[in-house]
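Me: I am new to this structure and would like to learn how to read its features one at a time. Could you take me through them slowly?

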2 protein chains.
Amino acid sequence: MKTVSENRAFGGVQGVYTHQSQATGGEMTFGLFLPPQAQHRPVPVLWFLSGLTCTHENAMVKAGAQEHAARRGLALVFPDTSPRGEGVADDDAYDLGQGAGFYVNATQAPWAPQFRMWDYVADELPRVLFNNFPLDEGAQAITGHSMGGHGALTLAMSLPGRYASVSAFAPIAHPTASDWGRKQFAAYLGADEAPWAAHDATLLMQSQGFDGEVLVDQGSADQFLDLLMPEALAQAMAARRQPGTFRMQAGYDHSYFFVSSFMASHIRFHARALGR
Amino acid sequence: MKTVSENRAFGGVQGVYTHQSQATGGEMTFGLFLPPQAQHRPVPVLWFLSGLTCTHENAMVKAGAQEHAARRGLALVFPDTSPRGEGVADDDAYDLGQGAGFYVNATQAPWAPQFRMWDYVADELPRVLFNNFPLDEGAQAITGHSMGGHGALTLAMSLPGRYASVSAFAPIAHPTASDWGRKQFAAYLGADEAPWAAHDATLLMQSQGFDGEVLVDQGSADQFLDLLMPEALAQAMAARRQPGTFRMQAGYDHSYFFVSSFMASHIRFHARALGR
């Protein structure tokens, strides 16, 4: 692991690090905010998964999360959204290939060898983090924006016991029925739709739900409502009697101005679930 | 005036607007955050002047100011740092020309016709703002980062009665004695150093001070300490018995992680001075 940068922030440290990844076969970059409390004891971890076109950096500099994480004593992890670099497969479209990993393990050419973001976020990056930083592996929560909200919800429902709580900002809620999903799942997972269901938050909510509280915020003026399909997830949450909250926020769009506006609320939600 | 974008944020609106500027002879862009309170009555205004290389956008998306401004009912103005565009003079260096207006009215070629950021921020942009938005012209305060901290301090001391309070994050504190200042003043104002003094916060503090409270934050690990010269301003503030606070923040650098870490404190400071 190599340190790219460390900046003092809110009494803690906002770091950026790189490491060689087995899951993706190349160098990966992530951001980690350690709150001041981490100087004294291992702290809980809130994962933030980012959306299409983002790197580790977007949420790290625009979501306004560190201030609230510092107050509550939570670390924040900002993974990248895909493998990157010259030897890595890519596509001209913004929503496929680099910057668009969709938090799945690709099985199809040319993506299969490197686009394994599920394994990266679920298995490999946790080992890097818990081996190198004062973090409490038994106290994790997860959130994300857009494609990252999809990642947060699907990881949380698929790994019961791993995360105390899950939240999402304007998640891609029903990708098997959306052009944000069908295109990528066909490319990464193949034309057979059977394996797609494991990566659809609405279908997972219907089939199993989450063993804890769920919080979802969605802007009513989001320019991508027809691709996100929040109504499918809201219906599934209510039908399952899933403990949690689905909020339609009047007038908000898909930007980080929306994400940052409700970050304090999400961090309070996760801190409570983590007993902080 | 034209609307570039408006995003709902923290119950208010983060807007970006352009207008034709007499002062700079071209189109200028600015950001304006209106807090929720502006729906009901004119609100106080906090100016945020940005540093070298910045546009209106950097602080708008990275300083974390809107959350605290919304809580206190303050509007935030984010002007650009210079005229821009193809017909505008420029220099290859990052610290001269476009992105480096230094908040002066240039008198020298090729800068004189357009690099009039003092007039723009002191006179023209206020008229645009107070004619078009629900803002209370009698309730203004000003802050800024680096070159923008220099701008905030020099404007505040030179326009007594205009701003209720002034603060700065890592300001260029003594530009007539620094390579961040001498180079630009020579280019914009000419070789005769007499007019430079009106644009040096330390010299203005020595000669007149500010009729109100001053707050300055400086990171002890700032990579530009030798160019910023905070010790000159600290000495001048103390020698004048200037009401206010100079804080050396241990371990912080020059980045927006530093700025955002203390933004809540600066907005509280200005809100108090504005009676909010």
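Reply: What follows is a walk through a predicted model, going from a pair of helices to the interface, a salt bridge and some backbone features.

Me: How are helix H3 and helix H4 of chain B placed, at what angle and how far apart are their axes?

Reply: Two packed helices are described by the angle between their axes and by the distance between those axes. In this model, helix H3 (residues 117-132) of chain B packs against helix H4 (residues 147-158) of chain B at an angle of about 60°, and their axes are 12 Å apart. H3(B) and H4(B) are therefore oblique to each other, and H3(B) passes H4(B) in a right-handed crossing.

Me: Which residues make that contact, and how many of them are nonpolar, polar or charged?

Reply: On the side of H3(B) the contact is made by Trp118(B), Val121(B) and Ala122(B), while H4(B) brings Thr154(B), Leu155(B) and Ser158(B). Sorted by class, the contact of H3(B) with H4(B) has four nonpolar and two polar residues, and no charged ones.

Me: What area is buried between chain B and chain A?

Reply: The area buried between chain B and chain A is about 1800 Å², and carbon and sulfur atoms give 54% of this. In chain B, the residues that lose the most area to chain A are Arg8(B), Phe10(B) and Phe257(B), which together account for 35% of what that side buries. Counted by contacts, 23 residues of chain B touch 23 residues of chain A.

Me: How many salt bridges are found across that interface, and how many over all chains?

Reply: Across the interface of chain B and chain A the rule finds zero salt bridges, whereas over all chains the count comes to 16. One salt bridge is that of Lys2(B) with Glu27(B), whose closest N and O atoms are 3.9 Å apart. Lys2(B) lies in strand E1 (residues 2-9) of chain B and Glu27(B) in strand E3 (residues 26-34) of chain B, so this pair ties together parts that are 25 residues apart in sequence.

Me: What should I look for in the backbone?

Reply: Most residues other than glycine have a negative phi, and most peptide bonds are trans. Phe10(B), although not a glycine, has a positive phi of about 50°, and its place is in the loop between E1 and strand E2 (12-21) of chain B. A cis peptide bond joins Ala109(A) and Pro110(A), with omega about -5°, and the bond from Ala109(B) to Pro110(B) is also cis, with omega near -5°. Pro110(B) lies in the loop between strand E5 (75-79) and H3 of chain B.

Technical notes: Residues are numbered from 1 along each chain as its sequence is written. Chains are lettered from A and ligands numbered from 1 in the order in which they are written. This is a predicted model: local features need pLDDT of at least 70, side-chain atom pairs count only at pLDDT 80 or more; totals for chains, interfaces and linings use all residues. Side-chain values use heavy atoms; hydrogens and water are left out. Axes are lines fitted to C-alpha atoms, for helices over the stretch in contact, and angles run from 0 to 180 degrees between N-to-C directions. Helices (H or I, at least four residues) and strands (E, at least two) are DSSP runs, numbered from the N terminus. Angles under 35 degrees count as roughly parallel, over 145 as roughly antiparallel, 65 to 115 as roughly perpendicular and the rest as oblique. A crossing is left-handed if the near helix is turned anticlockwise from the far one by less than a right angle, and right-handed if clockwise. Contact means heavy atoms within 4.5 Å. Ala, Val, Leu, Ile, Met, Phe, Trp, Tyr, Cys and Pro count as nonpolar, Asp, Glu, Lys and Arg as charged, and the others, Gly among them, as polar. Buried area is the accessible area (1.4 Å probe) that two parts lose on being put together, summed over both. A salt bridge is a side-chain nitrogen of Lys or Arg within 4 Å of a carboxyl oxygen of Asp or Glu.
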